[in-house]
Amino acid sequence: MSADDFIVTPWHVEGDIDYDKLIKQFGTEKISSELLERIKGITGQDHFMLRRGIFFSHRELNIILDEYEKGNKFFLYTGRGPSGHTHIGHLVPWMFAKWLQEKFDVNMYFQLTDDEKFYSKPNLTLEDTKKFAYENALDFIALGFNPEKTKIIINTRNIQTLYPIAAQVAKKINFSNTKATFGFTNETNLGMIFYTSLQSAPCFIEDKPVLIPLGVDQDPHFRLTRDIAPKIGKQKPALIHNIMIPSLEGPGGKMSASDEKSTIYTTDSPAEVKKKINKHAFSGGQLDIEQHRKLGGNPDIDVSYQYLRIFFEPNDDKLKTIYEDYKSGKLLSGELKAILIEKINAFLAIHQENREKAKNQIDQFLFENK
RNA sequence: GGGUUCGUAGCCUAGCCUGGUAGGGCGAUGGUCUCCAAAACCAUCGAUCGUCGGUUCAAAUCCGAUCGGGCCCA
């Protein structure tokens, strides 16, 4: 694989991703400065994840805004495949979704695809994926969603509601569509093949336009959904995409829930966070102090800096100072890591407290079949 | 229902024909080096060879049964 090659699919992400190329490849639209201004005008705020290009691409977000300005509300939908514990990379689209809910005052549906992870992970039982679904739900709730306007859908629990919609969808998708989109082969089990219609179902759960914040690697699922929406008399879902969150081990690839070392979990203790960052976070520093002072570090490939940019340092001025100090060589990699460790642990202290409280709130968030 | 193929450490895999209780790669862990990380180098851990039984002095290896996965045909 040459330096500028990269792969982004729902099941595999690899290489150094060129997001401008990816936009062309996927046929999405870049979030333009005009669109940013428009969002700022409506919400009165430009979220740092938009400003910094963490959310960089979309499909028909402008139409969602057109309708909104005419007084037609949309709703939000995102989800998670519960194959393991929640890590901080998962929180990026959820946290952004929470901001959207707050600013636009809209309903939110969060789908936990316990069936799909059971189908796709040979070693996981349905009991396992249900357990992770519950664990993941706690992290989602802990971010502060409005219980009046937020519902968590668990596939095996809410199949009664999802199935009639999924049936509409399934009839319009044939085998060659799914094969081409997801790389299915003759080894693929039947559950996987049907599954995309279940992932589409929440898009049509309300008779309103839907906006889906999600990692760009998941876009292909909704390309299919967008194709069939008009065929079943529905509006195409709009999407807003975030970049892949790098693993601790470095650029090229996203943070994986299954690789313990390269992942910060939401349940990690302060000591674990410190150890993981210090021992594993890929740095953009130089070989030794002397060279670092002279040549300066490279924040653009430094995972610690990237985590601050993506999630943990919303203050632009502070981030800029860190960027410049690191680039000039004034700030050492170890010192940069110390800043990140403190930020993560401060965040997790609050998050873990909210996560505990979520155990008592979960019932009011679970979607009830009608 | 018929056929076929596979099952060896977390993952991939050699060995099976020609029996003598397993070898490699990746990963993991530790160390050197570095302000850290990475890279590089050094070292270490890790496998009752799917399960049960049979043959044999001796079975991952031969035989039987069984469980599990894949594919083809019906």
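Thr 86 sits in the loop between strand E5 (75-80) and helix H5 (88-104); helices (H or I, at least four residues) and strands (E, at least two) are DSSP runs, numbered from the N terminus. In this predicted model, local features need pLDDT of at least 70 and side-chain atom pairs count only at pLDDT 80 or more, while totals for chains, interfaces and linings use all residues. Residues are numbered from 1 along each chain as its sequence is written, chains are lettered from A and ligands numbered from 1 in the order in which they are written, and side-chain values use heavy atoms, with hydrogens and water left out.

Is Thr 86 buried or exposed? With a relative accessible area of 1%, Thr 86 is buried (buried means under 20% relative accessible area, exposed over 50%, partly exposed in between, with a 1.4 Å probe and protein chains only). Its side chain makes a polar contact of 2.9 Å with the side chain of Asn 136. A polar contact here is a pair of N or O atoms within 3.5 Å; within protein, one must be able to donate a hydrogen and the other to accept it, and residues adjacent in sequence count only if both atoms are side-chain atoms. Setting aside residues up to four places away in sequence, Thr 86 touches Leu 91, Trp 94, Glu 135, Asn 136, Asp 139, Tyr 265 and Thr 266, where contact means heavy atoms within 4.5 Å.

His 58 belongs to strand E4 and is buried, at a relative accessible area of 3%. Among the residues that His 58 touches beyond four places in sequence are Thr 28, Glu 29, Lys 30 and Ile 31, and also Leu 239, Ile 240 and His 241. His 58 and Asn 242 are 184 residues apart in sequence, yet their C-alpha atoms are 9.0 Å apart in space.

The His 58 side chain also reaches two backbone nitrogens: that of Glu 60 at 3.5 Å and that of Leu 61 at 3.0 Å. Glu 60 itself is in the loop between strand E4 (55-59) and helix H4 (61-69). Its phi is near 55°, a positive value in a residue other than glycine, and Glu 60 is partly exposed, with a relative accessible area of 24%.

## Another positive phi

Asp 105 has a positive phi of about 55° although it is not a glycine. You will find Asp 105 in the loop between helix H5 (88-104) and strand E6 (108-112), partly exposed with a relative accessible area of 36%.

## Domains and cores

Chain A is assigned domain 1 (6-247) and domain 2 (259-355); the bounds come from an automatic or database domain assignment. The C-alpha centres of the two domains lie 28 Å apart, and 21 residues of domain 1 are in contact with 22 residues of domain 2.

In soluble globular proteins, nonpolar side chains tend to be buried together. The largest nonpolar core here has 76 residues, and Ile 152, Leu 211, Ile 277 and Phe 312 have the most contacts inside it. A nonpolar core is a set of buried Ala, Val, Leu, Ile, Met, Phe, Trp, Tyr and Cys residues joined through side-chain atoms within 4.5 Å. This core draws at least three residues from each of domain 1 and domain 2. Apart from it lies another core, of 28 residues, including Leu 162, Ile 212, Phe 222 and Ile 228.

Phe 222 and Ile 228 are also among the buried residues of helix H11. Eight of the ten residues of H11 (residues 219-228) are buried, so this helix is largely enclosed by the rest of the structure.

A backbone N or O atom of Ile 289 is 2.6 Å from a phosphate oxygen of RNA strand B, and one of Asn 278 is 2.7 Å from a sugar or linking oxygen.
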